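Hello,

Here is the structure I promised to pass on. Please open it and keep it in view while you read my notes below.

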Amino acid sequence: MAGKTKIAGGAMNTQMVIRDMKSNDVDQVYEIEKRSFSSPWKKESFYHELHHNMYAHYLVLEVEEQIIGYCGIWIVLDDAQITNIAVLPEYRGRRYGEELLKAAMKLCLMKKAAQLSLEVRVSNHIAQSLYRKLGFQPGGIRKNYYTDNGEDALLMWVRLNES
């Protein structure tokens with residue numbers, strides 16, 4: 001899955017590339033993970049996902065040859081789940097996350113997934129707004145889901161052939 005898209009970035013257009021993640025991307029992805037989440041995955045988890053999880057698919061988003069975002073997806077039969085999605089804090093609010101999620105949704109469709117789900121902190125209204133914009137609907141609450149503070153997660157899902 002590779003693609004180039006121009007996206008408005010203030011006064012100038014910036015070219016971005018969304019492509020499959022490779023082993024040599026893990027260090028940059030891990031930095032994004034650490035800067036984005038209070039309970040980050042371990043670096044080894046990304047290597048495991050890339051090399052040992054047959055259901056895992058990972059995309060990275062590059063701007064000016066720097067990885068600024070990534071998205072992990074598990075696809076099992078016709079069911080897909082976002083495991084994690086993040087953009088470096090200084091690049092948020094510029095539609096990069098939206099483009100990354102759209103690419104993930106396209107990948108799921110190409111892999112014949114019928115629905116896609118994810119969990120999001122109940123306090124993360126910005127992310128929830130993006131997910132709703134792309135057709136995700138609330139599907140329930142996972143109580144005490146986040147280990148760092150016991151916050152609940154909102155489960156959201158979308159039917160891919162309808163989005």
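Start with one term: a residue is buried under 20% relative accessible area, exposed over 50%, and partly exposed in between, using a 1.4 Å probe and protein chains only. Buried residues make up 45% of the 163 residues in the chain.

This is a predicted model: local features need pLDDT of at least 70, side-chain atom pairs count only at pLDDT 80 or more, and totals for chains, interfaces and linings use all residues. Residues are numbered from 1 along each chain as its sequence is written, and side-chain values use heavy atoms, with hydrogens and water left out.

**Overall fold**

The chain has four helices and eight strands. Both are DSSP runs numbered from the N terminus: helices are H or I with at least four residues, strands are E with at least two. Along the sequence the pattern reads β-β-α-α-β-β-β-α-β-α-β-β.

The radius of gyration is taken over C-alpha atoms, and the globule rule is 2.2 Å times the number of residues to the power 0.38. For 163 residues, a compact globule would come out near 15 Å; the chain has 15 Å, which agrees. Its C-alpha atoms fill a box of roughly 40 × 35 × 30 Å along the principal axes.

Contact means heavy atoms within 4.5 Å. Of the contacts between residues at least 6 apart in sequence, 56% join residues at least 24 apart.

**Helix 3**

Helix 3 covers residues 96-110. The expected span is 1.5 Å times one less than the number of residues. For these 15 residues that gives 21 Å, and the end C-alpha atoms are 21 Å apart, which agrees. Eleven of the 15 are buried, so helix 3 is largely enclosed by the rest of the structure. Among them are Tyr96, Leu100, Met105 and Cys108.

Most residues other than glycine have a negative phi. Which way does phi go at Glu65, positive or negative? Phi of Glu65 is positive, near 65 degrees. Glu65 lies in the loop between strand 3 (56-63) and strand 4 (66-76), and is exposed at 74% relative accessible area.

Asn144 also has a positive phi, about 50 degrees. Its loop runs between strand 7 (137-142) and strand 8 (153-159). Asn144 is exposed, at 57%. Just after helix 3, Lys112 has a positive phi of about 70 degrees.

Last, look at Pro89, in the loop between strand 5 (79-87) and helix 3. Pro89 is partly exposed, at 33%.

Best wishes
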